[in-house]
Every structure is written in C-alpha cells, then in structure tokens.
Amino acid sequence: PAGTAYFNLVWNDEVLWGMLESFLVGLGLVLLLLVVQMRSLLWGVLAFLPLLVTIALIYGVVGLVGKDFDMPVAVLSTLSLGLAIAFAIHFVGRFRRRYREHPELRDALVWTVARPGKGIFLNALLFALGFAVMVFADLTPYVTVGVFMAAIMLLSALMSVICLPGLIQLFRRTLLKGVAT
C-alpha cells in the first residue's frame with residue numbers, strides 16, 4: 001500500500017495510540033497531583049472520581065452514538081483532564097476549609113453546595129455557552145469541539161456538586177478523621 005490513503009491510515013493509527021497513551025499518562029499524573037495537593041490518598045481519589053465519571057460518560061456517549069475518534073476528539077481527551085478536574089478541586093478545597101471552621105458535616109456540605117457550588121455551576125455554564133457557539137460553525141471539527149467541551153464543562157460541574165457531597169457523606173468516617181484538626 002502507498003499514497004495518501006496509506007499515509008492517512010498510518011497517521012490515524014499513530015494519533016489514536018499516541019493520544020490514548022498521553023491520556024492514560026495524564027490520568028495517572030492528575031491523580032498523583034491530586035493526592036499530593038490534598039495531602040491524602042483518600043481525598044485525592046475522591047476528587048478524582050468526578051473526573052473519571054465525566055470522562056467515562058462523555059466517551060461512552062461518543063462510542064454509543066458512533067462518533068469516530070477523530071482529531072478533535074483525540075486532542076480534547078487530554079485537554080479535558082485539566083478542565084474537568086478544576087471543579088472537584090475547588091469543591092473539595094472549600095469543603096475541607098469550611099469543615100475545619102465549622103465541624104458539622106451537614107452544615108459544611110450544604111454551605112459548600114450553596115456557595116462554591118453556585119459559583120461552580122455559573123462558571124461551567126459560562127464556559128459551556130462560550131463553547132456552544134461553535135455548534136453553529138460550518139466545519140464539523142468546530143462543532144465537535146463545541147459540543148464536546150460544553151458537555152465536559154456541564155457534566156464535570158454536575159458530578160462535582162452532586163456526587164462529591166454524597167461520597168463525602170458515605171465515607172465520612174474515613175475522610176473526616178483528621179480534617180477538623
């Protein structure tokens with residue numbers, strides 16, 4: 001085989017496996033950085049879960065609808081790591097600070113969802129609307145980027161503000177052992 005078709009086949013294969021490798025390394029590094037930043041394996045893993053669920057749902061839908069793993073989707077896979085994790089970091093950080101100041105779990109969770117959670121949703125909505133404008137573009141890659149990024153922003157915010165309080169409540173005995181000190 002030779003020519004443009006063969007070149008595209010080899011290039012697509014290289015892009016796919018290269019981006020997959022970068023994505024997996026990125027996931028590992030994000031988890032490591034979360035553990036270091038939170039100074040706790042448990043809190044790091046907890047903050048990592050909304051990202052993991054967001055990525056799994058987004059790429060699950062991409063697969064279910066039959067969307068090809070093309071260049072925009074490949075590039076956005078790694079870019080999405082940084083964007084999707086920001087909300088969880090903010091939520092966990094603010095919750096832990098509030099819980100140290102007022103060590104009543106329910107009140108700290110309600111305050112975190114109501115105050116920083118509101119900011120997280122507004123931030124996600126603004127980013128999503130900004131990217132959603134790309135849906136009206138003529139080029140398919142722009143439309144893909146717009147839909148993909150808007151979905152990542154909204155879903156990661158939702159996962160952070162809805163799932164994290166439930167997980168904190170579920171694992172409260174282990175997570176909150178040393179937080180109030």
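Predicted model: local features only at pLDDT ≥ 70, side-chain atom pairs only at ≥ 80, totals over all residues.
**Note on helix packing and aromatic pairs**

1. Helix 4, which covers residues 105-114, packs against helix 6, residues 140-170, at an angle of about 170 degrees, and their axes are 11 Å apart. Since angles over 145 degrees count as roughly antiparallel, helix 4 and helix 6 are therefore roughly antiparallel to each other. On the side of helix 4 the contact is made by L105, L109 and V113, and on the side of helix 6 by V161, P165, I168 and Q169. By residue class, this contact of helix 4 with helix 6 holds 6 nonpolar residues, 1 polar residue and no charged ones.

2. The crossing in which helix 1 passes helix 2 is right-handed. Helix 1 contributes F23, L27, V30, L31, L34, V35 and M38 to the contact, while helix 2 contributes L41, W43, G44, V45, A47, F48, L51 and I55. The residues of this contact between helix 1 and helix 2 divide into 14 nonpolar and 1 polar, with no charged residue.

3. Turning to the aromatic rings, the count comes to 4 aromatic pairs. In one of them, the rings of W43 and F95 have their centres 6.1 Å apart and their planes at 35 degrees, so the pair is tilted. Because W43 lies in helix 2 and F95 in helix 3 (residues 71-101), the pair ties together parts that are 52 residues apart in sequence. W43 is buried, with a relative accessible area of 3%, and F95 is also buried, with a relative accessible area of 0%.

4. Y59 and F148 form an edge-to-face aromatic pair, with 5.3 Å from centre to centre and 70 degrees between the planes. This pair links distant parts of the chain, as Y59 belongs to helix 2 and F148 to helix 6, 89 residues apart. Both Y59 and F148 are buried, and together with F23 they form one aromatic cluster.

5. A last point concerns V135, which lies in the loop between helix 5 (116-132) and helix 6. V135 is partly exposed, its relative accessible area being 36%. When its neighbours within four places in sequence are left aside, V135 is in contact with V143 and V147. The C-alpha atoms of V135 and L51 are separated by 24 Å, the two residues being 84 residues apart along the chain.

Notes. Residues numbered from 1 in each chain as written. Heavy atoms only, no water. Axes fitted to C-alpha atoms, helices over the stretch in contact; angles between N-to-C directions. Helix = DSSP H or I, 4+ residues; strand = E, 2+ residues; numbered from the N terminus. Parallel < 35°, antiparallel > 145°, perpendicular 65-115°, else oblique. Contact = heavy atoms within 4.5 Å. Nonpolar A, V, L, I, M, F, W, Y, C, P; charged D, E, K, R; others polar. Left-handed = near helix turned anticlockwise from the far one by under 90°. Buried < 20%, exposed > 50% of the residue type's maximum accessible area, 1.4 Å probe, protein only. Phe/Tyr/Trp six-rings, centres within 6.5 Å; stacked < 30°, edge-to-face > 60°.
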